[in-house]
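Dear colleague,

Here is the structure I said I would hand over. Please look through it before reading on.

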There are 4 protein chains.
Amino acid sequence: MIIIFKKDADQNEIQRLIEDFKKKDIKIHFSQGENTTIMGLVGDTTALDINSIKAIPIVEDVRRVQEPYKKANRKFHEMDTVIDVGSGFRIGGGHFCVIAGPCSVENMEQMDIITSLIKKSGAQCLRGGAYKPRTSPYAFQGLMEQGIDYLIDCKNKYGTPVVTEIMDVSDIKYFDDVDVIQVGARNMQNFRLLKELGLLKKPILLKRGLANTIEELLMSAEYIMAGGNDQVILCERGIRTFETMTRNTLDISAIPVIKKQSHLPVVVDPSHASGAAWLVQPLAKAAVAAGADGLMIEVHNDPPHALSDGAQSLTPENFDSLMAEIKKYVDLEGKTFG
Amino acid sequence: MIIIFKKDADQNEIQRLIEDFKKKDIKIHFSQGENTTIMGLVGDTTALDINSIKAIPIVEDVRRVQEPYKKANRKFHEMDTVIDVGSGFRIGGGHFCVIAGPCSVENMEQMDIITSLIKKSGAQCLRGGAYKPRTSPYAFQGLMEQGIDYLIDCKNKYGTPVVTEIMDVSDIKYFDDVDVIQVGARNMQNFRLLKELGLLKKPILLKRGLANTIEELLMSAEYIMAGGNDQVILCERGIRTFETMTRNTLDISAIPVIKKQSHLPVVVDPSHASGAAWLVQPLAKAAVAAGADGLMIEVHNDPPHALSDGAQSLTPENFDSLMAEIKKYVDLEGKTFG
Amino acid sequence: MIIIFKKDADQNEIQRLIEDFKKKDIKIHFSQGENTTIMGLVGDTTALDINSIKAIPIVEDVRRVQEPYKKANRKFHEMDTVIDVGSGFRIGGGHFCVIAGPCSVENMEQMDIITSLIKKSGAQCLRGGAYKPRTSPYAFQGLMEQGIDYLIDCKNKYGTPVVTEIMDVSDIKYFDDVDVIQVGARNMQNFRLLKELGLLKKPILLKRGLANTIEELLMSAEYIMAGGNDQVILCERGIRTFETMTRNTLDISAIPVIKKQSHLPVVVDPSHASGAAWLVQPLAKAAVAAGADGLMIEVHNDPPHALSDGAQSLTPENFDSLMAEIKKYVDLEGKTFG
Amino acid sequence: MIIIFKKDADQNEIQRLIEDFKKKDIKIHFSQGENTTIMGLVGDTTALDINSIKAIPIVEDVRRVQEPYKKANRKFHEMDTVIDVGSGFRIGGGHFCVIAGPCSVENMEQMDIITSLIKKSGAQCLRGGAYKPRTSPYAFQGLMEQGIDYLIDCKNKYGTPVVTEIMDVSDIKYFDDVDVIQVGARNMQNFRLLKELGLLKKPILLKRGLANTIEELLMSAEYIMAGGNDQVILCERGIRTFETMTRNTLDISAIPVIKKQSHLPVVVDPSHASGAAWLVQPLAKAAVAAGADGLMIEVHNDPPHALSDGAQSLTPENFDSLMAEIKKYVDLEGKTFG
């Protein structure tokens, strides 16, 4: 951490500050220029509150040099983390995983058809929303526990591990048989939920919020890991920008940046990023080429009658041709499915 | 709602769609151009799912014409809503309200000093965080129930209604004596929480999320109101942009835009928007001049030792001079405190 | 400037780098931690290229501590700059200036009516576009030299100094009688144009680009000032964000931030920021309250028939009532018109 | 175009408006609902000014349905445009083109080495900045005419067509032997420059501005094409968002979106988008996979001593391995180099 002092900062006050830091076992290095005085803090600064230091009258600015996350940081964990998502399938470290299924679980018949078809096309995991975060209170809110039952029935029949979203701490009890618990973009900084998930021994798929930086995503992973749960899968699903031709802007650079900063696997959700079915294939291919460890794709047997997100859902036929295309790119990257 | 069809859309399929809409009691108006066919839908379209309609193969695009919110909409409720925040203080419809206090409740001594001083300077309500959403799992997470006790003690002693943040549905039981429950920016789309708050008979202060549009803020207010709780106070606290000299970008235009679209009162939080104490006064004045119904200001007796947000906290002296300045602008706007 | 080295940076290469900097008369301070090695550079670092230093294999990151601008920097010029805009009117240092007029100069009759009316309402300067940057090649492109003639005729008749936009270096010859040359948002980083304007002895009104940071705005001012022209007026006119209810997002915080960083006067253009006439008054009041030195307002005698920007133009009656309102706020700020 | 009227809009005024439109040969379709009255305009609406219509007192809102660009629109030109960039190399319609070279032309020796090496690695075109837009007036501003001479010398020796940036209309005379003229991101809406380039018979590489939408990029292409020059190559090079770990955010979705909306070829510049050499390869691969027709890559023989943009420049060795990797992806896409 570096502290930049105001031009005429009082030397006695600077001295007092140095004593304070020494008590916290932090070493001080000092650069005195003509117009600027800089102080370098060496040691474990993760617990220091930048905002409190900025509030000190003699301080002009404070800059962090080290990343504020540890457990998610590749510097302290060089090897890629490989996560077992169930039924023998893995993600990370060369293992590629495709998670597919409808936006919302609607009924058992729909789920059965879709699961059988995505499996045939080569997907490893089944997704489907039982608890649905909807912008409008007047929209379909999900089948809840019933929806989870349908998902588990499909897993038992087809061997596809289940990924589904949790919206509230009080629902954790319904997720016992779920293989991977998803935290949605709007809950990325629901810190209470993250803490509870940190106590589980189950993979968590953590989606990046629409206005969250990569550093904040890693800090939210750190919340889960700090509780003892190391199995975190990160998901890039688009950020909010001024461009309106796509629903969100897929931040493709986030893939290599996260993989440099962290050892955790990264999946991409091109369906939510784009909001349009015809954009899913080119974005999915780009994600593989940029180094993603997996994809999350919305597939619906009848998009115009989907209870949510019809515009961005692939038909099973579209999905089958997507998988055929994707396989070539996964091969080229030297990765294997599952 | 307007549907734009693809160039060579099949007339039979268009006809089938028209029949579908008619069954839902929606009237159809039709514009046939050389290159474009447009269909206008007249009736209650709030329950229609735009994304499903977009998924219909013959549809090129769909545009909403009417706002998707009703209860929060000024079109159906022309008069300003006035909310009683406790102890006889009101907000909205010409009543101006200042909510002040520390970022975090730290101990009773601190709370007593700050409450007495902000009251003397003219604030109506006391704020203070008992449950703290912190980006880092290693940072101070709040005193929780104990913090709420301290706030209530201060209210009982000084007559200052209490505004404090809820982070999870399961904590609602601790908020019985709290006057106004705050929903933080990160929870603006925690729809489960919003639904629960809709069942209470207590004012809710709803903060705009960093990446949320004004329409989404109004939709979140609609969630609370749809449950039966009409007492929603909206709060603009800065959005995320590319500018890095301020922590967030205060969207000052949101004040007049919200007041045109909705009858609900609007407060501004210049402390979080800017992240810097020296910016609070100019932004607070601008907010009053733009039509805000209130302000939410962080005040701490010792900012450099605050357990959170020191950089943006005013000292009680700064706050006193802010209030003296603000009063002139509130007068000029023809509003009255409390 | 601070250089952060990679974990295992070779000591000999660090030593070689230190020698390089010493040759450039830059002093080095060195902080060696367990995981991080930091080097502080003290001296004139404005000429160092951050990107080249970042390209050195042993370097992990580089951070600037001092601002890269000098002439625009308040640190080296504490007093507010006051600029004479013609006809005895001034801006900055307590002098407030209102610039009003149509988006485009359309004909002499229109200009005569508008000029007489804005003058009567209390505006100091006349604005009007002769060269028009239009997004569409099929839209009205301005009257060019003829438009400037009309503006000068109005100035001669009414004593209102003229502010008008330049689009290309080759047109400078037509701006001899123009009092203040405006550089539009899209040309904020047209560096060739800025250099040419730096050679003039005439105030330049420099608008912030839609995607430009405050620091970049100050660097563009520096371009003009580096050429010898100190008379730069900065203009905040909204930045691009995800919010679509307003055309752009007025960055109200930019006013106090610029005034802290720089001694140059700042005006605000609420017409372009909002894109809607009904938003101009609340935003204009907010701008005054936040410390602006002036306003730039679009006024048209017949907005529905304006050749450009009708939606955001005030009628002369609206403008008159705006001025009556604004005067109270300018008074409260202790500033005087002209 | 669709006009939405205010709730109590006067019927006589609506009638008058309809007459106005009829005179402009525009057909009217009318939808009267309980709360909303909508009017559909059918015909050539590209010349109508949305802002003027919005300014009409009875109008609540106006929405465009048809794209405002014609010549760049795939609807009116279904086949991919293929552009000859010189020396027999083509771009678009299955022809892939790599443009490589240093950010700035520094001297002949440097240019000779780099050109020979990029050619050997398989690049078709040489890039290099002779006129340099630099944020700081104190930074290296380019060799200008001398720089163009060096580029032409390299072309003559190695057969690599030259792509270089123009900054001002007055320099066009120096670009006679340049094969492709580049318009930089900051000049994307320098409409005067676009108009002049529209009069040439030479390919123009038009970069997207940092805050510009895809529609605005296509409108700027339309400016050039409206003048008679159909040879426009579009370039995505990153947009400005809140994320700070990369210099800009590469909008990968822009590639398929542009290719759907327009017939013009699209290249991607991963060097400027990311600002970091180590990010160039994953982003380049992603661009190919998403459907780009070419790449623009910065290569420098000695990045730490580059006069500009060292941090994002590849060494010739890096570039050679990038090309080897890229070839596999270009093959997979069924495209051919040159």
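This is a predicted model: local features need pLDDT of at least 70, side-chain atom pairs count only at pLDDT 80 or more; totals for chains, interfaces and linings use all residues.

Chains C and D

Chain C can be superposed on chain D with an RMSD of 0.0 Å, using a turn of 180° and a shift of 0.0 Å along the axis. The two copies are thus related as by a two-fold rotation axis. Within chain C, the C-alpha nearest that axis belongs to Ala211(C), at 2.5 Å. Both copies use the same surface, since 100% of the contact residues of chain C recur in chain D.

The contact draws 48 residues from chain C and 48 residues from chain D. Between them, chain C and chain D bury about 4,000 Å², and 51% of this lies on carbon and sulfur atoms. Tyr138(C), Arg192(C) and Arg240(C) account for 17% of the area that chain C buries against chain D, more than any other three residues. Six salt bridges are found across the interface of chain C and chain D. Arg192(C) also forms a salt bridge with Asp171(D), side chain to side chain, with 2.4 Å from N to O.

Chains C and B

Chain C can also be laid on chain B, again by a turn of 180° and a shift of 0.0 Å along the axis, with an RMSD of 0.0 Å. For this axis, the nearest C-alpha in chain C is that of Ala286(C), 2.0 Å away. Of the interface residues of chain C, 100% are also interface residues in chain B, so the copies meet through the same surface.

Aromatic pairs

A pair of aromatic rings is described by the distance of the centres and the angle of the planes. Over all chains the count comes to 14 aromatic pairs. In one of them, Tyr131(A) and Phe175(A), the ring centres are 5.9 Å apart and the planes stand at 25°, so the pair is stacked; the cut-off for stacking is under 30 degrees. Tyr131(A) and Phe175(A) are both buried.

In chain D, the rings of Tyr131(D) and Phe175(D) have centres 5.9 Å apart and planes at 25°, so this pair is stacked. Tyr131(D) lies in the loop between strand E8 (125–127) and helix H4 (145–158) of chain D, and Phe175(D) in the loop between strand E9 (162–166) and strand E10 (180–183), 44 residues apart. Tyr131(D) and Phe175(D) are buried.

Charges over rings

Two contacts of this kind join residues of separate chains. Lys70(B) has its charged end over the ring of Tyr138(A), 5.3 Å from the ring centre. Lys260(C) lies over the face of Trp278(B), with 4.7 Å to the ring centre.

Gly33(A)

Where is Gly33(A) placed in chain A? Gly33(A) is in the loop between strand E2 (27–32) and strand E3 (37–42). Gly33(A) counts as buried because its relative accessible area is 12%, and the limit for buried is under 20%. From Gly33(A) to Gln281(A) the separation is 248 residues in sequence and 55 Å in space, C-alpha to C-alpha.

Regards

Note on methods:
Residues are numbered from 1 along each chain as its sequence is written. Chains are lettered from A and ligands numbered from 1 in the order in which they are written. Side-chain values use heavy atoms; hydrogens and water are left out. Rings of Phe, Tyr and Trp (its six-membered ring) pair if their centres lie within 6.5 Å; planes under 30 degrees apart count as stacked, over 60 as edge-to-face and the rest as tilted. Buried means under 20% relative accessible area, exposed over 50%, partly exposed in between (1.4 Å probe, protein chains only). Helices (H or I, at least four residues) and strands (E, at least two) are DSSP runs, numbered from the N terminus. A charge sits over a ring if NZ of Lys or CZ of Arg is within 6 Å of the ring centre and within 35 degrees of the ring normal. Copies are superposed by least squares on the C-alpha atoms of residues with pLDDT of at least 70 in both. Contact means heavy atoms within 4.5 Å. Buried area is the accessible area (1.4 Å probe) that two parts lose on being put together, summed over both. A salt bridge is a side-chain nitrogen of Lys or Arg within 4 Å of a carboxyl oxygen of Asp or Glu.
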